Amino acid sequence: MVWDLTGKRIWVAGHRGMVGGAVVRRLATEDCEVITAGRDVVDLTRQAEVEDWMAEAKPDAIVMAAAKVGGILANDTHPVDFLVENLQIETNIAAAAHANDVDRFLFLGSSCIYPKLAPQPMAEDSLLTGPLEPTNEWYAIAKIAGIKLAQAYRKQYGRDWISAMPTNLYGPGDNYDLNSSHVLPALLRKFHEAKQAGARQVELWGSGTPLREFLHCDDLADALVFLLKDYSGYEHVNVGSGVEVSIRELAETIAKVVGYDAELVFDATKPDGTPRKLMDSARLHAMGWNGARSLEDGIRDAYAAFLAVNGG
Ligand code: GFB
């Protein structure tokens, strides 16, 4: 163990989001104090508010799950929001954390930091070896800057700050808005609504051929707590499930979980995005974490949570 979280005050930034919520649930099983602050308490895009809040809250560690996130269409159509908001949040929290001597900081990135045509599976060292996928380069640049922030504070000030790069995530608390969501929650909702309406078709964006890897947010949270306790290092660490499926195969699995068969139709006016995005999580596995559940089990859990909120 490199860091003992017993008795520590850990700020989960972004606790109302899917990932932050999962980290709060996971940390509740540890002997530490979890602290949170909603947007009404501190606006993370405002530097002075973040400084004031951090000086008062005095966390021992921060899990940086606060971010402006969205699916392919939201990323593609709101480049300023995804670039600027994420840079603001990252730099504000990092600067205030340093000023308050927070020596443990876990930054969260995304698999879209890697080049569009990176060799698969994508290892940590393929970062910055080629051009990014254009639909999400703004978000990717902000997330790459976040990795570099953690590295810079480590290099200049000796801070024990680390970064984890999760693959595409899903689970309880996901965003089900069809314009801004990721594919998995979008398809869960579309199949659910098709079942309710008795519709014969479900529409998918793009061609259905892109390959994606998916990880349940509670599995990510488990891996993050593992890294918080056991990892100290300059390099970021990939966190994936190791399994990739085509968007068509994903739709078929979701159809099975929802219990409704419909004809798949494809909207070619919507982007496919990057053709493949499988992470190489060998470093994490070598450290001793390999706890991802199967995609079907994870989707069953996500669907149960969706039904609990939206009714059967
Ligand atoms: O999950 P998703 O929005 O984002 O889309 P990315 C994945 C694939 O699913 C794309 C297709 O090929 C979409 O065209 N797709 C099919 C759909 N039907 C739908 C649908 O109804 N909704 C959505 N959203 N997609 C994101 C990045 O990329 O991944 C972010 O934009 C972030 O920056 C995130 O990195 C993890 O996997 O393409």
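Q: What angle do α8 and α10 pack at, and how far apart are their axes?
A: This is a predicted model. In it, helix α8 (residues 247–258) packs against helix α10 (residues 295–310) at an angle of about 55 degrees, and their axes are 10 Å apart. Because of that angle, α8 counts as oblique to α10.

Q: Is the crossing of α8 and α10 left-handed or right-handed?
A: The crossing of α8 past α10 is right-handed.

Q: Which residues meet there?
A: From α8 they are Leu 250, Thr 253, Ile 254, Lys 256, Val 257 and Val 258. On the α10 side they meet Leu 295, Glu 296, Ile 299, Arg 300 and Tyr 303.

Q: How many of those are nonpolar, polar and charged?
A: The contact of α8 with α10 has seven nonpolar residues, one polar and three charged.

Q: Now the sheet. What is the strand order?
A: The order is β2-β1-β3-β4-β5-β9, in an open sheet of six strands with parallel pairing. Its edge strands, β2 (33–35) and β9 (237–239), each pair on one side only. From one strand to the next, the twist averages 20 degrees.

Q: How many bridges join β3 to β4?
A: Four bridges join β3 (residues 61–64) to β4 (residues 104–108), and the two strands run parallel. Val 63, for one, has Leu 106 in β4 as its bridge partner.

Q: Which strands does α4 lie across?
A: Helix α4 (residues 79–99) lies across β1 (9–13), β3, β4 and β5 (160–166), and runs at about 175 degrees to β3. Helix α5 (residues 137–157) also packs on the sheet, where α5 touches β4 and β5. The direction of α5 makes about 160 degrees with that of β5.

Conventions:
Residues are numbered from 1 along each chain as its sequence is written. This is a predicted model: local features need pLDDT of at least 70, side-chain atom pairs count only at pLDDT 80 or more; totals for chains, interfaces and linings use all residues. Side-chain values use heavy atoms; hydrogens and water are left out. Two strands pair if DSSP finds at least two bridges between them. Axes are lines fitted to C-alpha atoms, for helices over the stretch in contact, and angles run from 0 to 180 degrees between N-to-C directions. Contact means heavy atoms within 4.5 Å. Angles under 35 degrees count as roughly parallel, over 145 as roughly antiparallel, 65 to 115 as roughly perpendicular and the rest as oblique. A crossing is left-handed if the near helix is turned anticlockwise from the far one by less than a right angle, and right-handed if clockwise. Ala, Val, Leu, Ile, Met, Phe, Trp, Tyr, Cys and Pro count as nonpolar, Asp, Glu, Lys and Arg as charged, and the others, Gly among them, as polar.
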